[in-house]
Amino acid sequence: MANLVIDIGNTLTKIAVFDNDTLIYTEHFTIINTETLNKLFATYPVNKAIISSVKKDKEDWESVLNKKTQLTYFNAGMVTGIHNHYLTPQTLGLDRLAAVTGARYLYPQKNNLVIDGGTCITYDYVDNGGNYFGGSISPGLTMRYNALNYFTAGLPVVKADDEFADSYGNSTVTAMQSGVQNGIKYELTGFINQYTKDEQQLNIILTGGDSIFFDTLLKNSIFAPCIKIEPYLVLKGLNAAIQKHND
């Protein structure tokens, strides 16, 4: 039987199907409806599902899913193996909690720094004892580009360019690319460098929609050999949570 895992983010909804620990299907959607669910249930023998959402309001299709299978909503009480020292645990984003759960599940003996490149960039650290104290949140790649256009009168709409590798821009567009992309690169290396001062044996995990892009930014850094790309880390964390929850 299969587990259906759904991660509702700020921009996209990610869906995955697992056979125990094996990921057998994944896709992301801007809109989910009952037709989407019906196709999944016609294809895979789903017997339980888990939803994690950053949104307060529920979608109409969630009630349909609840009738089709055993549905669980991810919450902090489902997490095992992590000692949460966050001062305001009720405000901790479930996506961040699922990410460190996934890191702890995949690399239980490591000191894990999880960098999630999505709408925002989040940095979360869980040590090899499972202790989680918190992390950092900053604007994401697309958010930075959009903000430059939205909050100014003269800056154009510009998209990320993974081929841009200069240290400065010689036009408005390339100056914006330098500011955003080099800014993120220096931010990434700055955070990683600070964490490695405290813990030299650091396992760096890139996840989220911009994880490949961030890996490109860091490819020539001294940290490159320590980096692992886990684009489905949150989904894997949710799958681990539902398996342990139902054991």
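Analyst: Gladly! Let us begin with pairing: two strands pair if DSSP finds at least two bridges between them. Strands themselves are DSSP runs of at least two residues, numbered from the N terminus. With that in hand, a hairpin joins E1 to E2 through four residues. Please keep in mind that this is a predicted model.

User: How do you know that E1 and E2 pair?

Analyst: The cut-off is at least two bridges, and E1 and E2 have six, running in the antiparallel sense. One example is Ile 6, whose bridge partner in E2 is Ile 15. E1 also pairs with strand E4 (residues 46-53), here in the parallel sense and over seven bridges. In that pairing, Ala 2 stands opposite Val 46.

User: What makes strand E1 "mostly covered"?

Analyst: Buried means under 20% relative accessible area, and seven of the seven residues in E1 (residues 2-8) are buried. In a regular strand, side chains alternate between the two faces of the sheet. Here Ala 2, Leu 4, Ile 6 and Ile 8 point one way, while Asn 3, Val 5 and Asp 7 point the other way, and all are buried.

User: Which residues touch the most other members of the largest nonpolar core?

Analyst: They are Val 5, Ile 50, Phe 74 and Leu 238, in a core of 25 residues. The elements that give two or more residues to this core are strand E2 (13-19), helix H3 (94-106) and helix H7 (233-245). H7 supplies the largest share, six residues. There is also a second, separate core of 23 residues, which includes Tyr 125, Met 176, Phe 213 and Leu 217. As a general point, nonpolar side chains tend to be buried together in soluble globular proteins.

User: What is Val 5 in contact with, beyond its neighbours within four places in sequence?

Analyst: Its contacts include Ile 15, Phe 18, Ile 50, Leu 235 and Leu 238. Contact here means heavy atoms within 4.5 Å.

User: Why is Ser 138 called buried?

Analyst: The limit is under 20%; Ser 138 has a relative accessibility of 12%, so it counts as buried. This residue lies in strand E9 (residues 131-139).

User: And what makes the pair of Ser 138 and Glu 187 a polar contact?

Analyst: A polar contact needs N or O atoms within 3.5 Å, one able to donate a hydrogen and the other to accept it. The side chains of Ser 138 and Glu 187 make such a contact at 2.7 Å. Leaving aside neighbours within four places in sequence, Ser 138 is also in contact with Cys 120, Ile 121, Tyr 123 and Arg 144, among others.

User: Why is the pair of Tyr 86 and Tyr 132 called stacked?

Analyst: Two cut-offs matter: ring centres within 6.5 Å, and planes under 30 degrees apart. The ring centres of Tyr 86 and Tyr 132 are 6.1 Å apart and their planes are at 25°, so the pair is stacked. Tyr 86 lies in the loop between E6 and H3 and Tyr 132 in strand E9, so the pair ties together parts that are 46 residues apart in sequence. In total, the search finds five aromatic pairs. Tyr 132 has 1% relative accessibility, so it counts as buried.

User: Finally, is Gln 177 buried or exposed?

Analyst: At 8% relative accessibility, Gln 177 counts as buried, because buried means under 20%. Gln 177 sits in helix H5 (residues 172-198). The C-alpha atoms of Gln 177 and Phe 164 are separated by 7.4 Å, although these residues are 13 apart along the chain.

Terms used
Residues numbered from 1 in each chain as written. Predicted model: local features only at pLDDT ≥ 70, side-chain atom pairs only at ≥ 80, totals over all residues. Heavy atoms only, no water. Core = buried A, V, L, I, M, F, W, Y, C linked by side-chain atoms within 4.5 Å. Buried < 20%, exposed > 50% of the residue type's maximum accessible area, 1.4 Å probe, protein only. Phe/Tyr/Trp six-rings, centres within 6.5 Å; stacked < 30°, edge-to-face > 60°.
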